[in-house]
Amino acid sequence: MADEIVLLDFWSSMFGMRVRIALAEKGIKYQHKEEDLRNKSELLLKMNPVHKKIPVLIHNGKPVCESLIIVQYIDEVWNDKSPLLPSDPCQRAHARFWADFVDKKVYDASRRVWTRKGEEQEAAKKDFFESFKTLEGELGKKPYFGGETFGFVDISLITFYSWFYVYETFGKFSMEAECPKIIEWVKRCLQKESVAKSLPDQKKVYESVLEWLGRE
Amino acid sequence: MAKSEVKLLGAWPSPFVMRARIALNIKAVEYEFVLETLEPKSPLLLQSNPVYKKIPVLIHADKPICESLIIVQYIDEVWTSAPSILPSDPYDRAIQRFWAAYVDDKLFPTMRGLLTTQGEEARKAVLDQLAEGLALLEEAFGKCSKGKAFFGGDRIGLLDIAFGCMLGWLRATEKISGLKLLHEANTPGLLKWADTFCADAAVKGVMPETEKLVEFSKVIVARMRGAHPPK
């Protein structure tokens with residue numbers, strides 16, 4: 001019997017994008033269901049009753065929630081090709097650490113960069129640049145965070161690229177100027193088909209933010 | 001493996017440090033427990049966890065591993081000849097990871113909130129949130145344990161460790177607030193599981209006494225509220 005895979009998603013969610021990339025890396029066929037986050041479907045509420053959030057991966061009727069948990073699940077089930085996590089336990093621990101860092105530090109600061117003003121925004125920008133500088137340090141001279149191959153940490157961070165134009169415009173800065181190594185790494189990642197086809201256009205994301213703010 | 005090859009930087013009141021200790025106990029790994037005073041933070045801590053400067057840190061053959069749940073998974077993946085901490089099925093692993101993250105992201109901050117929040121209405125809101133969270137975990141226990149003693153089935157697993165290490169503070173919070181958070185009426189499964197978990201050989205020696213945590217909490221709460229500690 002063929003696997004039934006459904007992804008409950010939202011086009012501009014950097015968390016949803018992570019799952020899209022992971023599925024693409026593994027060459028998995030799935031049904032993509034776009035959610036209206038202002039009017040959440042019964043399916044979403046049933047499959048993720050605790051958080052009521054996307055992404056949710058539904059594999060043969062069983063839901064998996066939380067983007068990084070989903071990516072690890074995908075890696076463990078479809079383990080015959082394109083490993084996303086390293087096989088060495090120490091390297092795996094480091095990969096999990098840095099993906100978790102992206103969630104803990106990058107997400108929060110980046111959200112504040114475009115939602116706050118004045119002093120709060122300046123503080124957010126400081127945290128934002130600090131976290132990216134730390135990541136640049138971790139990347140070092142490696143082509144990817146995963147080393148020679150694109151992996152878990154790369155997936156966790158690259159999805160924020162689609163929001164860079166939002167951060168740059170609201171925060172009045174240039175990522176290329178502030179974090180050149182990150183932009184180099186971004187360009188390398190964008191050459192991968194799994195990434196290029198999973199990330200929405202930056203300008204479209206920005207327009208949707210303006211629309212959302214206009215509505216508020 | 002020589003004892004000095006495995007070091008754990010930690011402190012006795014921390015539920016996060018306890019997670020690593022239980023995992024090492026399950027795997028019967030000999031390790032050196034390095035007491036971190038935290039004020040000031042030791043050079044070893046700052047060097048081995050420069051990003052967060054927090055405990056626990058596991059140092060294995062001079063390589064540091066940080067973040068308690070990441071440490072537990074690392075221990076499980078390195079010492080493979082001993083009983084497994086994570087289930088073998090990927091879906092069950094995802095469920096355990098989901099609820100472990102829930103404990104860290106939602107339950108623990110709410111529990112801490114109960115100690116620091118002032119004002120009757122605000123406290124009631126926190127209490128309601130906590131009750132909701134515990135109800136969800138009671139349901140999860142039913143599904144995960146499948147009638148057995150632990151979230152992990154017959155043996156202690158990742159979620160038992162993640163949530164179980166909060167029991168010391170949960171019981172201390174009950175004593176301080178005068179409220180019953182786990183009880184026969186709402187959380188019978190968790191109530192029984194809590195006793196089984198705390199009595200387990202891997203847990204007994206490292207679970208701090210409730211009274212000691214109650215005393216210790218007076219110091220932290222005062223610090224968090226910016227007031228002087230009560231006599």
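What follows is a walk through a pocket, a glutamine and several salt bridges in this predicted model.

The second largest pocket holds about 710 Å³ of space. Of the 30 residues that line this pocket, the closest to its centre are B:Tyr91, B:Ile95, B:Trp99, B:Lys143 and B:Cys144. Two or more lining residues come from each of β4 (62-65) of chain A and α4 (90-116) and α5 (120-145) of chain B, and α4(B) gives the largest share, seven residues. Sorted by class, the lining comprises 17 nonpolar, seven polar and six charged residues.

In chain A, A:Gln202 belongs to helix α11 (residues 202-215), and this residue counts as buried because its relative accessibility is 17%, below the 20% limit. A polar atom of the A:Gln202 side chain lies 2.6 Å from the backbone oxygen of A:Tyr161, and, leaving aside residues up to four places away in sequence, A:Gln202 touches A:Tyr161, A:Ser162, A:Phe164 and A:Tyr165.

Over all chains, the structure has 28 salt bridges. One of them joins the side chains of A:Arg18 and A:Asp103 at 2.9 Å, N to O, linking distant parts of the chain, with A:Arg18 in helix α1 and A:Asp103 in helix α4 of chain A, 85 residues apart. Here A:Arg18 is buried, at 0% relative accessible area, whereas A:Asp103 is partly exposed, at 27%. Another salt bridge, between A:Arg112 and A:Asp108 (3.1 Å, N to O), stays within helix α4 of chain A, where the two residues are four apart, about one turn of the helix.

Definitions and conventions. Residues numbered from 1 in each chain as written. Chains lettered and ligands numbered in written order. Predicted model: local features only at pLDDT ≥ 70, side-chain atom pairs only at ≥ 80, totals over all residues. Heavy atoms only, no water. 1 Å grid on protein atoms, 1.4 Å probe; cavity = no way out; pocket = protein on both sides within 12 Å on 5 of 7 lines; lining within 4 Å. Points joined across faces, edges and corners; volume = space filled by probe spheres on them. Nonpolar A, V, L, I, M, F, W, Y, C, P; charged D, E, K, R; others polar. Buried < 20%, exposed > 50% of the residue type's maximum accessible area, 1.4 Å probe, protein only. Polar contact = N/O pair within 3.5 Å; in protein donor to acceptor, adjacent residues only side chain to side chain. Contact = heavy atoms within 4.5 Å. Salt bridge = Lys/Arg side-chain N within 4 Å of Asp/Glu carboxyl O.
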